[in-house]
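Biologist: I would like to learn how to read a model like this one. Please take me through it feature by feature.

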Amino acid sequence: MARAALSLLLIGLVLAQPNQPAAVPRFPLELPVIVAILIAWPGRARGLRTLTVAALVAGVVLKGLDLALHLAFGRPFDPVADLPLLASALELGEGALGPALTLLAALALGAGLAALAAALWWATGIWTRHDPPRRGWALVAVVLAAGVAAADLAAPDRVPGAAFTARLGVDRVTAARRALDDLAAFRKAAAADPWTGRPDPFARLGQAELRIIFVESYGRASFDNPLYAPHAALMAEAEAGIAAQGLAMRSGWLGSPVAGGQSWLAHATLASGLRIDSATRYSALLASPRRTLFELAGASGHETLAVMPGIVRDWPEGRRLGFSRILAAADLGYRGQPFNWVTMPDQFTLAAFDRQGHQPARVAQIVLISSHAPWVPEPRMVPWEKLGDGRIFDAQATAGDPPEVVWRDPGRVRAAYRSSLGYALRAVTAHTARSGHGALTLILGDHPPAPFVSGLPGRDVPAHLIGPPELLAPFDGWGWTEGLIPAPDLPVLPMEAFRDRFLSALSGPP
């Protein structure tokens, strides 16, 4: 009896495992179905046990991945689109914990799953070793238990339990079918482009430069969460410095397609005018004839430049996205120590861009990464004239506790995020005040940080248009707030809608 009870407890706990932080475990209605099937067909015990154990372990892995992505990105795991994230997670783990601890954690996870499989093999065997009851009674038990489970799938609030694992499987199959339909619709949308054959969409820029600067993990929490009040104060202070240079400012909200990570999907969304919220859509975009904002710029005779300090490997899709020149990490001249995963501080990246010299009518994308997780070591501003080759940052890059220490305490993680994003905002606003003349600058967040860091739901990011008043005049009808602090009640513009609205404003007579 004790072994049977322990078996039921183990299988029940696996079935009741939640897949998101707010889930409340309920009695798993699949449990009597599994036990009844094992009792009813002892002659096929080995095959049934193998199938049951494999399904239960797969459910544990899937729900664990769901939980991880809910914490990081505020959404469940997509078994198709999110597979590339496993490699990215290993890279992030190496940056946050170091290669040795990351390998140890991976081995521990594998050993844990193997131990769980062995325990489930024992637990399912309990129900095939007893003398089976009459087959008819077992079949009745199967039918009754399956009926209750089906009732839960149809009306989950009307039964005193939950076929949660079964429902999760059904949901994923349904989601996969929807994803295929969605991908077909996306490919159709990507095959057309409203700007094909139209005149220069950048006509009102004249000889001014367009700079699109992404600030990593810059979300609405910087203005709405009191924990990050220093960010709002910093931006209010930066307004005065930028205005003193004769530059105007407008700020609003954009709805990012992602949260917590996958910045390249937000970059592609802004550039393409299509919502890119998964690796499958990203691949479909690259294979489509859809022209990005940068391709449209190149077709209009503008030089297009990507400044990408986070790129340390080949990036063949950069050309497809429309960049005639790409400055990756190795091309920016940084000789200082990296800040963990972050190859160089944002201040150096911006100065390296300035060293390229002013190029009339250039369209540039600059991706800043100092506020990328794990947010330690924390960078600080240095005098611009003393940047040199970046070795001035070496003392900062080796200071403070390592990520594996800081990340044991969620409070310290949030404090590190607050500090690193504060640095990024200081760097980008100071740079705009210094060199923003003759340029239209768009500064925006790529996505909010992970939900446990932001403390807010949603995916809104701030966006700031900065430039000489005559360059901002085409955007007067947008209703965006003057200055660098967007009004909280402004309508949120989906990031995929920005490209066409932006180009429509710039395509009128110069």
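Biologist: Is N340 buried, partly exposed or exposed, and at what relative accessibility?

Modeller: Start with the terms: buried means under 20% relative accessible area, exposed means over 50%, and partly exposed is in between, with a 1.4 Å probe and protein chains only. N340 counts as partly exposed, at 25% relative accessibility. This is a predicted model, where local features need pLDDT of at least 70, side-chain atom pairs count only at pLDDT 80 or more, and totals for chains, interfaces and linings use all residues. Residues are numbered from 1 along each chain as its sequence is written, and side-chain values use heavy atoms, with hydrogens and water left out.

Biologist: How many helices and strands does the protein have?

Modeller: Helices (H or I, at least four residues) and strands (E, at least two) are DSSP runs, numbered from the N terminus. The protein has 20 helices and nine strands. Of its 510 residues, 50% count as buried.

Biologist: What share of the contacts joins residues at least 24 apart?

Modeller: A contact means heavy atoms within 4.5 Å. Take contacts between residues at least 6 apart in sequence: 76% join residues at least 24 apart.

Biologist: How many salt bridges does a search of the whole structure find?

Modeller: A salt bridge is a side-chain nitrogen of Lys or Arg within 4 Å of a carboxyl oxygen of Asp or Glu. The search finds 15. One of them pairs D193 with R290, at 3.9 Å from N to O. This pair links distant parts of the chain, 97 residues apart: D193 is in the loop between α7 (164-190) and β1 (209-215), R290 in the loop between α11 (279-286) and α12 (293-299). D193 is buried at 11%, and R290 is buried at 5%.

Biologist: Which helix holds E496, the partner of R275?

Modeller: R275 and E496 form a salt bridge at 3.7 Å, N to O. E496 is in helix α20 (residues 495-506), while R275 is in the loop between α10 (263-272) and α11, 221 residues away. R275 is partly exposed, at 27%. As for networks, salt bridges that share partners join D193, R290, R499 and D500 into one.

Biologist: Which residues line the largest cavity?

Modeller: On a 1 Å grid over the protein atoms alone, a cavity is a set of points where a 1.4 Å probe fits but cannot get out, and lining residues have an atom within 4 Å of a point. The lining is F339, V342, S370, H372, P374, W375, V376, P377 and P379.

Definitions and conventions:
On a 1 Å grid over the protein atoms alone, a cavity is a set of points where a 1.4 Å probe fits but cannot get out, and a pocket is an open set with protein on both sides within 12 Å along at least five of seven lines; lining residues have an atom within 4 Å of a point.
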